[in-house]
Amino acid sequence: FRIEGHMTHPGMAPATAVARETEPGAYEADLRFTMAGDWVLVLDGTLDDGRRLRRQLAVPGVQAGR
């Protein structure tokens, strides 16, 4: 799965990462938020049965240095 992190205001480059399957059905990724603020994560990948998965997740209030 590919993960993109987007700031909620325009003009910022996205942060990206690739998730690794750590056990069946569980994934882990190292995504670094580049600044404080509100972010939206976009998850995009293909399931084992060939179906495409695309989800968005709001991550409000990211703080600097966390």
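## Salt bridges and the open sheet

Arg54 has a relative accessible area of 48% and is therefore partly exposed. In this predicted model, the side chain of Arg54 meets that of Asp44 in a salt bridge, with N and O 3.5 Å apart. This pair links distant parts of the chain, since Asp44 lies in strand E5 and Arg54 in strand E6, 10 residues apart. Arg52 also belongs to this arrangement, for Asp44, Arg52 and Arg54 are linked in a network of salt bridges.

The structure holds 6 salt bridges, and the table lists some of them, including the Asp44 pair.

| Salt bridge | N to O distance |
|---|---|
| Arg20 and Glu28 | 3.5 Å |
| Arg32 and Asp30 | 3.2 Å |
| Asp44 and Arg54 | 3.5 Å |

The accessibility of the partners can be set beside these pairs. In the pair of Arg32 and Asp30, Arg32 counts as exposed because its relative accessibility is 61%, whereas Asp30, at 47%, counts as partly exposed.

Strands E5 and E6 belong to an open sheet of 4 strands, ordered E2-E1-E5-E6 with antiparallel pairing. Strand E2 (15–18) and strand E6 (52–62) stand at the edges with a single partner strand each, so one side of each is left without a neighbour in the sheet. From one strand to the next, the twist averages 20 degrees. Within the sheet, strand E1 (residues 2–7) runs antiparallel to strand E5 (residues 37–46) and is joined to it by 6 bridges, and Glu4 stands opposite Val42 in E5.

Note on methods. Residues are numbered from 1 along each chain as its sequence is written. This is a predicted model: local features need pLDDT of at least 70, side-chain atom pairs count only at pLDDT 80 or more; totals for chains, interfaces and linings use all residues. Side-chain values use heavy atoms; hydrogens and water are left out. Two strands pair if DSSP finds at least two bridges between them. Helices (H or I, at least four residues) and strands (E, at least two) are DSSP runs, numbered from the N terminus. Axes are lines fitted to C-alpha atoms, for helices over the stretch in contact, and angles run from 0 to 180 degrees between N-to-C directions. A salt bridge is a side-chain nitrogen of Lys or Arg within 4 Å of a carboxyl oxygen of Asp or Glu. Buried means under 20% relative accessible area, exposed over 50%, partly exposed in between (1.4 Å probe, protein chains only).
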